[in-house]
Amino acid sequence: MSLKNLLPGTLGFGTAPLGNMFRAIPEQEARATVEAAWNDGIRFFDTAPFYGAGLAEARLGEALAGKDRSSYVLASKVGRLVMDELEDVSARDLGEKGDVFRHGRANRIVNDYSEDATLRSIDDSLRRLKTDRLDIVWVHDVAQDFYGDQWLSVFETARNGAFKTLDRLRDEGVIGAWGLGVNRVEPIELLLDLQEPRPDGFLLAGRYTLLDHERALQRVMPRVSERGLSIVVGGPYSSGALVGGPNFEYAPITPAIQARVQAIKTLAERYGVSMKAAGLQFSLAHPAVAAVIPGASRPERLAEDRAALAEIIPADFWRDLRTAGLIHPQAPLPAGS
């Protein structure tokens, strides 16, 4: 099924922060954040076992319990199993994400993209989420940022395991759609080169944003469009860097990125444009993009995201960004620009 047909709108809720990403979030605050998203009309929720070793899924499941299951779309991921035994969180090897979830649960996480692990992962997610089905399943992080030079062998395991399994489950109607959930464009390119299987789209985090979009624009977006597929943009604020946060790509922001943020902010202030509006509307301007899913760990952030989508941005703002070299010349701009 086309993601654009499956998704209920262009704004979803990414739940990585509910897994205690970067900080320990009180249960009440996590619950209130999901409730705020629901009350704001958001009906697309994206989560993963990896987020806090099952913590984000469990919190989301509790918050959505009692809601009409047919009224919202739920996505989770496979590729990592959350075990009952505990481990030293500080000793985990999380690739470039380092200790992003050091405040999450201490359950041991096992990377496994085989058929058996894929089926078990889905069952475990259903239990934590207190639901009977997943609408979308992403194969999580089969890329260089987690596996370095070994990523191709991991991808091959997933090709023979998770990809074929999810293709079958989609064709049988058990899930609505599947694809990759990654922070790099190369796995998407590689999957699009294969005759089989047949993904429905991709969750691409941090790669089609105002701060970083050139590679995806040139190498992935055209091919996704040609195939009639869609992209869900995760991390549209680039780990918070675009909106004044201290991190970019899950790591401390660099001086070069800080300078780019400041250049965008200077223009935004000149035109009275919020940085959130600039970020969300830029990502959504590409016809291949079906939705954006900013994460939030505080209830008030959800209203800001909704307002950012509705904000009127002068066409001259986008043109000035392009003239300043802050937007690639070929990147589509919002309608009317």
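Trainee: How should I read the exposure of Glu-156: what is its relative accessible area?

Mentor: Residues are classed as buried (under 20% relative accessible area), exposed (over 50%) or partly exposed (in between), using a 1.4 Å probe and protein chains only. Glu-156 has a relative accessible area of 34%, so it is partly exposed. The model is predicted: local features need pLDDT of at least 70 and side-chain atom pairs count only at pLDDT 80 or more, while totals for chains, interfaces and linings use all residues. Residues are numbered from 1 along each chain as its sequence is written, and side-chain values use heavy atoms, without hydrogens and water.

Trainee: Which residue forms a salt bridge with Glu-156?

Mentor: A salt bridge is a side-chain nitrogen of Lys or Arg within 4 Å of a carboxyl oxygen of Asp or Glu. The partner of Glu-156 is Arg-159, with the closest N and O atoms 2.6 Å apart. Arg-159 is also partly exposed, at 24%. Helices are DSSP runs of H or I of at least four residues, strands are E runs of at least two, and both are numbered from the N terminus. Arg-159 and Glu-156 are three residues apart in helix α6 (residues 151-171), so about one helical turn separates them.

Trainee: How many salt bridges are found in the whole structure?

Mentor: The search finds 34. One of them joins the side chains of Arg-23 and Glu-29, at 2.6 Å from N to O. Arg-23 has a relative accessible area of 23% and Glu-29 has 22%, so Arg-23 is partly exposed and Glu-29 is partly exposed. There is also a network of salt bridges that links Asp-167, Arg-170, Asp-171, Glu-196, Arg-198 and Asp-200.

Trainee: Is Asp-124 buried or exposed?

Mentor: Asp-124 is buried, at 12%. Its side chain meets that of Arg-127 in a salt bridge of 3.5 Å, N to O, and Arg-127 is exposed, at 54%. Both residues lie in helix α4, three residues apart, which is about one turn of the helix.

Trainee: Which residues line the second largest pocket?

Mentor: A pocket is an open set of points on a 1 Å grid over the protein atoms alone, where a 1.4 Å probe fits and protein lies on both sides within 12 Å along at least five of seven lines; lining residues have an atom within 4 Å of a point. Asp-124 and Arg-127 are among the lining residues here, as are Arg-105, Asn-107, Arg-120 and Arg-128. β4 (80-86) and α4 (115-129) each supply at least two lining residues. The most comes from α4, with four.
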